[in-house]
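Dear colleague,

I am passing on the structure we spoke about, together with some notes on what turned up when I went through it. Please look it over alongside the remarks that follow.

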Amino acid sequence: MNRDYFQEALATFNGGNWYGWKTHNDNGDKIPNDQRMTYANIKVIKEGATIPSEADVNAKIQELKDAEQTAINKKASGKAKLKALGLDDEEIKSLGL
């Protein structure tokens, strides 16, 4: 499953559930569904919310990706340490790792 880092990042701003997507551009033309979920098409749907800067959104996306990679690295490191202690792959797998 591919993570939608963009929407995950947006959800961290303004207390969550603050944004939607424009359905029509400034000329009144319908934006195709496969082109709507972009920074340029964010619309605020929660009173008092503001659109974060694109740089802030990109920084949050990188933070989410870094956290995911850190978790992957720690899991791999943990497995290696368990193997060094003498556990085999089946035993490690039984631990849910």
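The model is a predicted one, and its largest nonpolar core holds 13 residues, of which Phe6, Leu10, Trp18, Ile42 and Val57 touch the most other members. Two or more residues of this core come from each of helix H1 (5–11), strand E1 (19–21) and helix H3 (54–84), with H1 giving the most, namely 4 residues. In soluble globular proteins, nonpolar side chains tend to be buried together. Phe6, leaving aside its neighbours within four places in sequence, is in contact with Trp21, Met37, Thr38, Tyr39, Ile42, Val57 and Ile61.

Turning to H3, its 31 residues should span 45 Å at 1.5 Å a residue, and this agrees with the 45 Å that separates its end C-alpha atoms. The buried residues in H3 are Val57, Lys60, Ile61, Leu64 and Leu82, and the buried residues of this helix pack against H1 and H4. Just after H3, Gly86 takes a positive phi of about 105°.

Towards the end of the chain, Leu97 lies in the segment that follows helix H4 (89–94). Leu97 counts as partly exposed because its relative accessibility is 37%, which falls between the 20% and 50% cut-offs. Beyond its neighbours within four places in sequence, Leu97 is in contact with Lys75, Lys79, Leu82 and Ile92, and its C-alpha lies 8.8 Å from that of Ala76, although Leu97 and Ala76 are 21 residues apart in sequence.

With best wishes

Methods:
Residues are numbered from 1 along each chain as its sequence is written. This is a predicted model: local features need pLDDT of at least 70, side-chain atom pairs count only at pLDDT 80 or more; totals for chains, interfaces and linings use all residues. Side-chain values use heavy atoms; hydrogens and water are left out. Buried means under 20% relative accessible area, exposed over 50%, partly exposed in between (1.4 Å probe, protein chains only). Contact means heavy atoms within 4.5 Å. A nonpolar core is a set of buried Ala, Val, Leu, Ile, Met, Phe, Trp, Tyr and Cys residues joined through side-chain atoms within 4.5 Å. The expected span of a helix is 1.5 Å times one less than its number of residues.
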